[in-house]
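Visitor: I would like to go through this model term by term. Please set each value against its definition.

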Amino acid sequence: MSVAKKEYKRVTVKSLVDMKKNGERISMLTAYDYSMAKIIDDANVDVILVGDSASNVMAGHETTLPITLDQMIYHASSVIRAINRCLVVVDIPFGSYQSDPKEALRSAIRIMKESGAHAIKVEGGIEIKDSVKRILNAGIPVMGHLGLTPQSIYKFGTYTVRAKEEAEAKKLKEDALLLQKLGCFAIVLEKIPATLAKEVAESLTIPVIGIGAGGDVDGQVLVIHDLLGMTKEFNPRFLRRYMNLYEEMGSAISQYVDDVKTKDFPNEEEQY
Ligand code: KIV
């Protein structure tokens with residue numbers, strides 16, 4: 001099957017909106033370091049998200065709450081040094097934008113100035129309206145994130161599918177429209193019913209990028225460690241693993257240990 005695919009030199013927030021208009025799906029993956037970002041950028045992914053999921057997959061925390069603004073800036077600047085093509089979006093971490101709009105703007109400016117990122121992502125709708133407005137007014141592109149918002153995990157209590165009930169679905173639709181009206185360039189919808197995600201994507205002119213939100217949205221995002229099978233315990237229904245790197249890396253490392261122990265490594269050609 002042939003798919004619509006235009007070559008973009010550098011992906012911008014405008015190219016994402018054009019992709020939606022042209023019916024071209026947007027690919028987005030997380031990255032947190034230089035080496036992984038280089039592979040992802042060379043593979044023609046459209047958007048890299050320096051997600052606060054770094055708190056889980058890089059730092060081993062149970063939630064995304066502990067990661068700090070300084071740590072996000074460190075990850076983002078490592079990613080930026082690898083990039084030729086991708087748009088790089090950075091999660092503004094928990095605690096750095098919820099208290100007041102001025103603090104939100106200061107945090108967003110630090111991300112943009114100190115990392116060189118192209119845009120930021122925020123979790124929430126009406127509750128953070130003034131902060132989103134303030135950041136957008138400063139000329140910083142903002143991506144929204146609705147549905148399962150991991151920074152609010154202690155409010156939800158579980159990582160189960162969100163917005164199954166009518167009231168929550170209604171609020172999500174209103175929040176999505178509000179984020180578009182404020183000027184956000186795209187929205188991530190996480191772990192919500194596919195029919196609801198489709199309805200939201202069809203009602204908006206800005207792209208909707210899903211994770212666990214079905215196929216009728218404008219793009220997909222996954223955590224790179226999950227896609228590559230580097231994580232074993234995380235097995236949601238929406239995850240497609242393209243490799244089993246946990247096993248493959250483990251057996252390569254075991255082989256190295258054997259080779260060292262048996263004095264097979266280094267051999268004659270591997271020394272000076
Ligand atoms: O932090 C992250 O990786 C995310 C994605 C799950 C969308 O926000």
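Guide: The domain assignment gives domain 1 (13-241) and domain 2 (244-272). Such bounds come from an automatic or database domain assignment. The model is predicted: local features need pLDDT of at least 70, side-chain atom pairs 80 or more, while totals for chains, interfaces and linings use all residues. Numbering starts from 1 along each chain as its sequence is written, and side-chain values use heavy atoms, without hydrogens and water.

Visitor: How many residues of domain 1 are in contact with domain 2?

Guide: Four residues of domain 1 are in contact with five of domain 2. Contact means heavy atoms within 4.5 Å. The C-alpha centres of the two domains lie 38 Å apart.

Visitor: Which residues of the shell count as charged, polar or nonpolar?

Guide: The shell divides into three nonpolar, four polar and four charged residues. Asp, Glu, Lys and Arg count as charged. The residues around the ligand include Asp-91 and Glu-190, so both count as charged.

Technical notes. A residue is near a molecule or strand if one of its heavy atoms lies within 4 Å of it.
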